[in-house]
Amino acid sequence: MSELINNREIKEAVGHSKRISMLREIILDLHHGKSAEEVKARFNSAVGEISVSEISELERVLMEEEGIPVSEVQRLCSVHAAVFKGSIQDIHRPSSPEEQPGHPVHTFKMENREIDQLVNFNIALHLDHFLKDQYESNRLKLLEDLSLLYDVDKHYSRKENLLFPFLEKYAIYGPTKVMWAVDDGIRIGIKELKAKLTDFDGNTEMFLGLAERVMKEVTEMIYKEEHILLPMALDKLTEDEWLQIAAQSDEIGYCLIVPDRKWIPERATEPGAASMEGEHETLQEGYVRMSTGVLSVKQMEALMNHLPVDLTFIDENDIVRYFSHGKERIFARTKAVIGRTVQNCHPPQSVHVVNQLLDDFKAGNKDVEDFWIPVKDKFVYIRYFAVRDEEGTYLGTLEFTQNIKPIQELTGSKRILS
């Protein structure tokens with residue numbers, strides 16, 4: 001019996017290999033320009049029905065053994081889908097969430113494909129051209145490549161500011177700190193390359209050494225992300241945490257590509273249907289939830305009083321509702337002003353100015369008004385902002401007062417601790 005089973009397995013393996021070989025030849029014909037109609041009949045007679053797993057295996061062979069770039073295989077999808085009698089969605093339905101377009105991991109990997117193409121093809125080619133012939137056209141092509149490469153800053157920033165904080169929740173610190181340092185080194189290296197190329201001094205050896213180092217580090221970072229960081233994150237983070245990363249990614253931006261759709265987990269029916277972690281959890285008394293975090297009232301008041309500015313807020317009815325009370329207020333405020341109209345807090349001769357400003361804010365004619373005046377040893381910058389909600393409804397006015405004389409006196413640069 002075992003002999004019969006082994007024989008059957010061998011025959012199945014040979015048959016599978018033969019089918020893959022046939023499929024590879026057909027796809028290569030498509031790659032070299034034949035139309036879907038030209039190969040369809042041969043496909044049907046030679047191969048017949050085909051499974052999704054065989055399609056996946058075929059594409060792996062094309063990329064890994066035939067050396068066809070991922071972008072080329074993607075381009076062929078619409079062609080071979082017609083041959084394979086199936087929709088692209090059916091053929092390429094992801095087996096796991098991170099393979100779905102819009103998932104943060106999928107986006108990171110798609111960006112990495114673009115970064116790899118840019119570094120190891122475009123930049124490598126244009127660098128070679130420039131080092132052989134330092135024509136202006138070659139310099140400008142390479143400079144354009146390096147400007148595109150600095151877009152990697154968005155890729156690294158999403159990783160550092162969205163992914164790393166969640167890993168740190170699981171006490172994963174070492175890899176994130178090391179990786180962040182390398183990211184910064186790459187950023188600095190790209191800037192140095194751009195600066196040297198902008199004012200090229202003819203030192204090709206030094207420029208080549210720096211370029212090769214940056215290209216190597218960028219390529220190695222792709223490997224580290226996909227073989228260390230992302231698998232580690234997938235092992236730790238929950239679906240809700242990935243949703244939070246996806247929801248906030250637009251704020252930072254994307255590198256070289258933009259996801260063509262939002263990621264919607266199977267358990268959700270529309271974007272936002274899956275609740276963010278903690279969104280509905282009950283707050284302890286004395287805490288305030290805002291769109292970007294939770295603070296205790298004590299923390300919030302201390303934070304406002306540590307700002308190097310004086311703040312005063314009046315509501316939509318011109319009533320003074322709040323003022324900060326830092327250590328060095330510019331203009332005196334007492335708690336007696338709370339609940340008074342702002343007009344009653346100003347001398348009669350200046351009330352008309354206050355009313356005109358508020359009328360403009362309420363009518364939507366202005367959003368900001370600035371004043372600046374010398375006061376003893378200070379130079380005071382006073383700014384007024386119309387505060388509006390998401391729909392544009394006027395909620396009140398914020399007064400922002402700051403002594404900017406120390407700022408005006410700044411010169412040069414300061415890069416080390418006092």
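Here is a short walk through a predicted model, from its confidence to a helix and then a set of strands.

Residues are numbered from 1 along each chain as its sequence is written, and side-chain values use heavy atoms, leaving out hydrogens and water. Because the model is predicted, local features need pLDDT of at least 70 and side-chain atom pairs count only at pLDDT 80 or more, while totals for chains, interfaces and linings use all residues.

Let's start with confidence. The protein chain has a mean pLDDT (the predictor's confidence in each residue, from 0 to 100) of 81, and 76% of its residues reach 70 or more. Over residues 85–94 the pLDDT falls below 50, and beyond near neighbours in sequence this stretch makes 16 contacts (heavy atoms within 4.5 Å) in the model. Residues 269–281 are also below 50, with 22 such contacts. Where pLDDT is low, the predicted coordinates should not be read in detail.

Next comes helix α11, residues 239–252. Helices (H or I, at least four residues) and strands (E, at least two) are DSSP runs, numbered from the N terminus. Just after α11, G253 takes a positive phi of about 105°.

Now for the strands, which pair if DSSP finds at least two bridges between them. Strand β7 (residues 394–403) pairs antiparallel with β3 (residues 310–315) over 6 bridges; here D315 has G396 as its partner. Strand β6 (residues 378–388) also runs antiparallel to β7, joined by 9 bridges, and Y384 is partnered by E399. In the β6–β7 hairpin, with 5 residues between the strands, G392 takes a positive phi near 90°.

Key
The expected span of a helix is 1.5 Å times one less than its number of residues.
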